[in-house]
Amino acid sequence: MSPSFVAARPAEVLEADRGPRWAADAHDARLASATLRLSGLHCAGCAASVEAALRSDAAVRDVSVSHASQSARVRFDSQRTNLNALLQVVRSAGYGAALDEADAARELRRSESRLALWRAFVAAFCGMQVMMLALPGYVAEAGDIAPDLTRLLDWGAWLLTVPVLLFSAAPFFSGAWRSLQVRRIGMDVPVALGISVAFIASSGAALNPAGPFGHEVYFDSLTMFISFLLIGRWIEMRMRHWAAEALEAATGVMPQTALRLGADGLSEAVPIDQLRVSDILRIAVGEAFPADGVVIEGRSHVDESLLSGESKPVPKLPGMSVIGGSINLGAPVMMRVERCGADTRYEAIVGLMRDAATQRPASARWADRWAGPFLWTVLLLAGLGALVWSFIDPQRAVWVAVSVLVVTCPCALSLATPSALLAAAQALARRGVLLRRIDALEPLAAMQRLFLDKTGTLTTQRPRLARIERLPVCADLTEPELLRLAASLGAWSHHPLSMALCEAAPPDRRAQAWRDVREQAGAGVEAIDVLGQRWRLGNARWVLGAAGVVALLRVGDSADVDSANVDSANVDSANVDSANVDSANVDSADVDSADVDSADVFSGESPRASAAQGVRVSLGREGAVLAHFIFDETLADGVAQALAALRADGIALTLLSGDAPARVQRLARRLEIDATQAIGGATPERKLLEIEAAQARGESVGMIGDGVNDAPVLARADVSLAMGEGALLARASADAVIVSNRLADVVQARAMAKRTLRVIAQNIAWAATYNAVCVPLALFGLLPPWAAGLGMAASSLLVVGNSLRLQHALPSPRTSGTSA
Amino acid sequence: MDILYLLIPLSVFAMFGVLGIFAWALHAGQFDDLEREGARALFDPEQGSIGTSTEKLPPCH
């Protein structure tokens, strides 16, 4: 399809820091490594198929496919093949492939995960071996083992503990150091303190059994509890990574390559991370815009559902700006790049999502506040215990202090809440609800009133053909034939209404031969049939104009008329100032400062009329309208049941939509929502007022909307959700995105949120009880350090295990065909 | 029991050997994709994928 980007401008590629990474190997072949994002891997066997397919290419040196992250890392000889060829190899194997952009983040996660696992492993295995060496000490009677052997055992254990301390426990020391530097007590401080005291005391005991530290060594409990702490942290990290990966996969696939026009007029395909500002790109029909920019040539309409949530196409003329990720529907255009890469809105949204994945939830911040006093208390008690015991039995003083430090489980405050929230987020993500802000679970559980948007939330994006109005002038065609003709003509267009026509057409329609098919943005599609007659499908006014009538619209200086044709037959000569021009009332005299809404012009209806009748498309032949097709919005599946479930859960529902009031009232009646709670024609300001009024009444408010359009409204609500059909990128300001598009999942999310809060309360209660019981035991010298270590580890595991229960808390969806 | 004087240091060295092997496995990426490793038992070594036929497999759906 395009010249290889490798061969095109090697110098540019090498100096750019983006794109595949290059290295020279021993035979001076240029080895590039790249990460491909794969799609269609439904099972682990598919991953192996892709690997086999890539390996079969002789230029590929090394391949590893990860099923978990749906990506493939490839190292190939860049002089014998290129990235496009490799993508083709994967595609011909039957899977989707594209250059991976989240490479850097994924790399980071991978190295982070590996390091954490490495540390945990070192601690655990060394700990196991140390326990083996400590066992004789527990089992033997006094005097059974020769003192030499005892010393050997102790030193062996010491040698194995050193790597654990220096390497595995390093995060605790650095964390403790960091918190001390800001003069605050962090969770790591008592852990680090306990570890160091235990190690120093045990080393002293090993060195000099008759000395002040006694002869007992506790390397086994030391390594054991370090390993349990690290395993707990690794589990937590895995959950965090899982959430991040789910979010990344959800941000959709931006186009990976773009056709750039060079100065010589030739186009080449470049990966989008090599685009620069003021590049000229050619965008074909059906392709997505790879960057933010401005149209410089061509007239088209684009699907900006990524931003607006509405799939009605927006016409674009030269000079108008386009957004990266929106889809070009009408005609090929040329655009100039204005913002690319990290500056595009897409990247901004992705960055937001990534931040959301790493932020600390509010409850954890609460826990941090309590941690300070708690930890100071612990340190104080440990010191006090040591002091008291140094008078009673000096040999045990150190060990009492160590026991106190070790037994106090920081798990309650550091692990309990985040692990529960993360497990809940993971379970919800599997179900199809992505939490952008993890601590949105708490307000979700407390929600009392839910504001619902209409389009896209309750109704599907796609209209449905409701009925056909055949006009009397059409005598030779029956309604099915009209539908067939309209569908075959509409098949040439991507407009949602024509796609709805195609859906409604009977499946056995013969292909109608059309020639000279042209689509006019904002008006409709026209073609000439085998008999030479000109047919038009679209706006009624435009269909009438097929006979060749020319529009006589004189446009004032500041008018903003889009590309629709205005039929002069319905035009008289009054003045229209600053009004929304309704196609039925268009005048041919001066039009000043008027905005013609393209979508309404296409459908030929004023907002008032369409509220009553639904959206209308006309089919005409040679200037005579033959039929009108009326479309209705369909209610999404399961909406009624979901709303009933929400009502049963005790949530008050309010419909809040910018759509026409009559339509909104109709929908409210269908859904059994009280008429006073159905507000139509609401501007974003009005919506904001409604939400603020509800909050002033003391209600906890949630809102389901379509994301960016209602950004301030969503930000104001206590918890905000967005449905995820199509472009998830737009849902930047919602706290949660319902990817599965099932409203019923809101009910599930709420149930999950309540469970999570219960689990968190259980965790904290357990930790409080445990500490309240065990610290006095340790102070009285009844808890040897090994028992303290065991207790602390068991407590951590109990908390994490309790949180992990949440992963299986949701029932699997019963509807088939939707991915969870 | 004198053999213990040999065995205990030997066990320490064996431990370091185990750590070295794990380090190799970790950095070779064996722990990156635990789900796929679990399913590897089902793979046909010739094909590299699940199934016994020698024809090219259609994409799984």
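Biologist: What makes A:Arg663, A:Val664, A:Leu667 and A:Ala668 of helix α22 (residues 661-670) of chain A buried?

Modeller: Each has 20 or more other C-beta atoms within 10 Å of its own, with C-beta atoms placed from the backbone (12 or fewer would be exposed, in between partly exposed). That's how those four in α22(A) get the label buried. Keep in mind this is a predicted model: local features need pLDDT of at least 70, side-chain atom pairs count only at pLDDT 80 or more, and totals for chains, interfaces and linings use all residues. Residues are numbered from 1 along each chain as its sequence is written, while chains are lettered from A and ligands numbered from 1 in the order in which they are written.

Biologist: How do you know that the buried residues of α22(A) line one face of the helix?

Modeller: Looking down the axis of α22(A), they fall within an arc of 140°, so they line one face. The arc is taken from the directions from the helix axis to the C-beta atoms.

Biologist: Why is A:Ser278 counted as exposed?

Modeller: A:Ser278 has 11 C-beta neighbours inside 10 Å, so it counts as exposed. This serine sits in the loop between β7 (267-271) and β8 (280-283) of chain A, and its phi is positive, near 70°, though it isn't glycine.

Biologist: Why are β15 (433-435) and β26 (678-679) of chain A called edge strands?

Modeller: Pairing takes at least two DSSP bridges between two strands (strands being DSSP E runs of at least two residues, helices H or I runs of at least four, numbered from the N terminus). The open sheet runs β15-β29-β28-β27-β16-β25-β26 in chain A, and β15 and β26 each pair on one side only, as edge strands.
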